[in-house]
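Here are a few exercises to work through with the model open beside you. Try each task before you read its solution.

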Amino acid sequence: MGGMTSPAITDIDEALGFTLPARHARGRLVRLGPVLDEILEAHAYPPAIEALVAEALTLTALIGSTLKDPTGQLTLQAQTQAGVVTLLVCDYRGGELRGYVQYEADKLAEAPAEPSLFALFGEGYLAITFDLAQTKERYQGIVPLDGETLAQAAESYFVQSEQIPTLINFGMKRDAEGQCVAGGLFLQHLPDGEDGRERLHTRLDHPEWEHVSILGRTMGADELADRDIPLETLIWRLFNEEDEVRVLARTQFAKGCRCDADYIASVLAKFTDAHRAEMADEDGMIQVGCAFCAKSFPVPAVAAAR
């Protein structure tokens with residue numbers, strides 16, 4: 001590690017990447033705080049749904065921040081036909097995170113206080129979609145929502161869809177001020193010469209990967225979600241005995257929603273006068289809601305026609 005020292009400031013709403021050259025592995029740590037709180041506060045979710053959204057956003061940050069394309073987008077979506085949760089959507093683009101959940105309140109009331117993944121989704125599926133604007137590529141992998149957590153389902157995605165051995169850990173808690181803090185660890189095995197996120201084919205029983213994954217599993221949820229522990233310190237705790245650990249550039253996160261009153265008005269302008277009249281309320285306003293930020297945009301039906 002070459003005498004790496006812990007920084008004096010606390011890492012929050014950041015991702016820190018690193019590589020283990022001798023182990024042909026890469027990793028990423030994420031810790032979310034105010035950004036996560038801002039997203040959650042817009043919806044007033046019950047605790048079980050709040051925890052699910054926190055894990056989904058952390059996963060989205062972990063995977064999305066590995067994109068080399070700065071204009072690329074990572075979308076994580078989970079849905080089912082009969083579960084408590086009917087739809088979960090989170091995405092990442094250029095450091096901006098957003099996400100929301102649709103759920104059945106009556107079914108949630110009948111579920112345990114800390115429902116399992118199966119209790120929330122039943123026979124659900126997780127889809128991870130990469131949209132790479134620079135190369136105009138788009139590809140998606142879909143896996144069943146098996147296992148106990150979303151993180152385990154995401155691990156299955158990388159193993160099944162891309163043949164990349166992967167480990168993902170997650171932790172969440174509320175600090176002394178009642179603010180939500182979530183952290184995640186993302187580790188992957190890469191063959192010789194690879195440092196990107198291209199589709200890779202590796203043997204799943206690689207001894208170097210077994211060593212890295214065993215160390216990764218020792219990182220506890222409390223450590224990941226402790227805003228007082230710098231991310232570099234967590235890397236040090238895991239891999240201080242390695243010959244070389246390369247720490248990469250940081251990624252800063254912000255809450256990002258792409259809803260825009262002018263854009264909404266331009267879309268409504270494409271409808272006929274009759275259709276806009278049907279959409280309008282008694283005051284002549286068309287109320288357009290954004291599921292991500294839980295805001296409503298009132299647009300005058302007549303103005304939309306211009």
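**Exercise 1: aromatic pairs**

A search of the whole structure turns up six aromatic pairs. This is a predicted model, in which local features need pLDDT of at least 70 and side-chain atom pairs count only at pLDDT 80 or more, while totals for chains, interfaces and linings use all residues. Residues are numbered from 1 along each chain as its sequence is written, and side-chain values use heavy atoms, with hydrogens and water left out.

Task: work out what kind of aromatic pair Tyr-157 and Phe-158 form.

Solution. Start with the rule: rings of Phe, Tyr and Trp (its six-membered ring) pair if their centres lie within 6.5 Å, and planes under 30 degrees apart count as stacked, over 60 as edge-to-face and the rest as tilted. Next, take the values for Tyr-157 and Phe-158: 4.9 Å centre to centre and 75° between the planes, so the pair is edge-to-face. Then look around: ring pairs link Tyr-157, Phe-158 and Phe-186 into a cluster. Finally, check the cover: Tyr-157 and Phe-158 are both buried (under 20% relative accessible area; exposed is over 50%, partly exposed in between, with a 1.4 Å probe and protein chains only).

**Exercise 2: strand E2**

Task: find which strands E2 is joined to, and say how its two faces are covered.

Solution. First, place the strand: E2 spans residues 25-32 (helices, H or I with at least four residues, and strands, E with at least two, are DSSP runs numbered from the N terminus). On one side, E2 runs antiparallel to E1 (residues 14-20), with seven bridges; two strands pair if DSSP finds at least two bridges between them. Gly-17 has Arg-28 in E2 as its bridge partner. E1 and E2 make a hairpin with four residues between them, and His-24 in the turn has a positive phi of about 50°. E2 is also joined to E9 (residues 180-189), antiparallel again, by eight bridges, with Arg-31 opposite Gly-183 in E9.

Now the faces. In a regular strand, side chains alternate between the two faces of the sheet. In E2, Ala-25, Gly-27, Leu-29 and Arg-31 sit on one side and Arg-26, Arg-28, Val-30 and Leu-32 on the other, and all are buried.

**Exercise 3: a salt-bridge network**

Task: trace the salt bridges that Arg-250 makes with Asp-11 and with Glu-14.

Solution. Begin with the rule: a side-chain nitrogen of Lys or Arg lies within 4 Å of a carboxyl oxygen of Asp or Glu. By that rule the count is 10 salt bridges. Asp-11 and Arg-250 meet at 3.2 Å, N to O. That pair links distant parts of the chain, with Asp-11 in the segment before E1 and Arg-250 in strand E10 (residues 246-252), 239 residues apart. Arg-250 also meets Glu-14 at 2.8 Å, N to O, and here the partners, in E10 and E1, are 236 residues apart.

How covered are they? Asp-11 counts as buried because its relative accessibility is 2%, and Glu-14 is buried at 11%. Arg-250, at 30%, counts as partly exposed.
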